[in-house]
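Thanks for asking me to look this over with you. Please keep the structure open beside this note as you read, and turn it whenever a point names a new place.

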Amino acid sequence: MSIVRSGRFFSGSGINKNKAMVEHLQRYGVINSKRVAQVMESVDRALFVPVGSPPYVDSPMPIGYNATISAPHMHATCLELLQENLQPGMHALDVGSGTGYLTACFALMVGPQGCAIGIEHIPELVASSIKNVEKSAAASLLKEGSLKLHVGDGRLGWPECAPYDAIHVGAAAPEIPQPLIDQLKPGGRMVIPVGNIFQDLKVVDKNLDGSIRIRSETSVRYVPLTSRDAQLHDH
């Protein structure tokens, strides 16, 4: 499994279709549920990577502003971990939404009666993510308002649609931000990379009595969850 998650299990050179990418992830045991396979087949990754980037290669890609879009196997891993908390009608928050890819997946899973919020502190990325979603299978959900993409500091969450059944954080925090724990619904789950040089993908479950359980899923490498100014410092 470590080989799968390191992104070396296939080069992607022969993959020119989104469906084939999903089938590879199923073959290697990264995707096990039909719902995750269906949503990743529905949301074409090619609409969310920069022009000229090979969309179906299993590696992260730079998207500008010192940000990246995660590798397909990481998106699949996070969707698998959160799928029970992405049922129709549920609320989901995507912190560091970047290209909008995972927010679009969340929106399709929670459906028009649910709420999927993407929050990203780089305004240019929010603007481009809206254009990406408008070309995707989630376009109608954006138009109808169950999918929203906002400019903001994701470390503070987005109280407007809280509490959330599912929270995903797409950048590594030195510790889990308290506002995100506060905005997690009892029975909800958050997936967040935590650490500096060495990072673990943490699964945070809030019990019905409000207590928190945290476990490590796997070792990962994400860009840091930081302020907009710090992120743009080297840009």
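1. Let's begin with the ground rules. This is a predicted model, in which local features need pLDDT of at least 70 and side-chain atom pairs count only at pLDDT 80 or more, while totals for chains, interfaces and linings use all residues. Residues are numbered from 1 along each chain as its sequence is written, and side-chain values use heavy atoms, with hydrogens and water left out.

2. Now the overall picture. The chain has 9 helices and 9 strands; these are DSSP runs numbered from the N terminus, with helices (H or I) of at least four residues and strands (E) of at least two. Of its 235 residues, 54% are buried, where buried means under 20% relative accessible area, exposed over 50% and partly exposed in between (1.4 Å probe, protein chains only). A contact means heavy atoms within 4.5 Å. Among contacts between residues at least 6 apart in sequence, 58% join residues at least 24 apart.

3. Look next at helices H2 (residues 18-27) and H3. Their axes are 8 Å apart and the packing angle is about 155°; axes are lines fitted to C-alpha atoms, for helices over the stretch in contact, and angles run from 0 to 180 degrees between N-to-C directions. H2 and H3 are therefore roughly antiparallel (under 35 degrees is roughly parallel, over 145 roughly antiparallel, 65 to 115 roughly perpendicular and the rest oblique). On the H2 side, the residues that meet H3 include Met-21, Val-22 and Leu-25, and their partners in H3 are Ala-37, Met-40 and Glu-41.

4. Which residues of H3 are buried? They are Val-36, Ala-37, Val-39 and Met-40. Their cover includes H2, helix H4 (72-82) and H5. A helix rule is handy here: an α-helix has 3.6 residues a turn, so residues three or four places apart point the same way.

5. H4 deserves a close look. Because 11 of its 11 residues are buried, H4 is largely enclosed by the rest of the structure. Among those buried residues are His-73, His-75 and Glu-80, along with Leu-79, Leu-81 and Leu-82.

6. How do H4 and H5 lie against each other? They pack at about 30°, with axes 11 Å apart, and are therefore roughly parallel. His-75, Leu-79 and Leu-82 in H4 meet a set of H5 residues including Tyr-101, Cys-105 and Phe-106. Cys-105 counts as buried because its relative accessibility is 0%.

7. Tyr-101 also has an aromatic partner. A search of the whole structure gives 1 aromatic pair, meaning rings of Phe, Tyr or Trp (its six-membered ring) with centres within 6.5 Å; planes under 30 degrees apart are stacked, over 60 edge-to-face and the rest tilted. The ring centres of Phe-48 and Tyr-101 are 5.5 Å apart and the planes are at 85°, so this pair is edge-to-face. Phe-48 sits in the loop between H3 (34-42) and strand S1 (61-64), Tyr-101 is in H5 (residues 101-110), and 53 residues separate them. Both are buried.

8. Finally, the cysteines. The structure has 0 disulfides, a disulfide being a pair of cysteine sulfur atoms within 2.5 Å. For Cys-161, the nearest cysteine sulfur belongs to Cys-115 and is 3.2 Å away. Cys-161 counts as buried because its relative accessibility is 10%.
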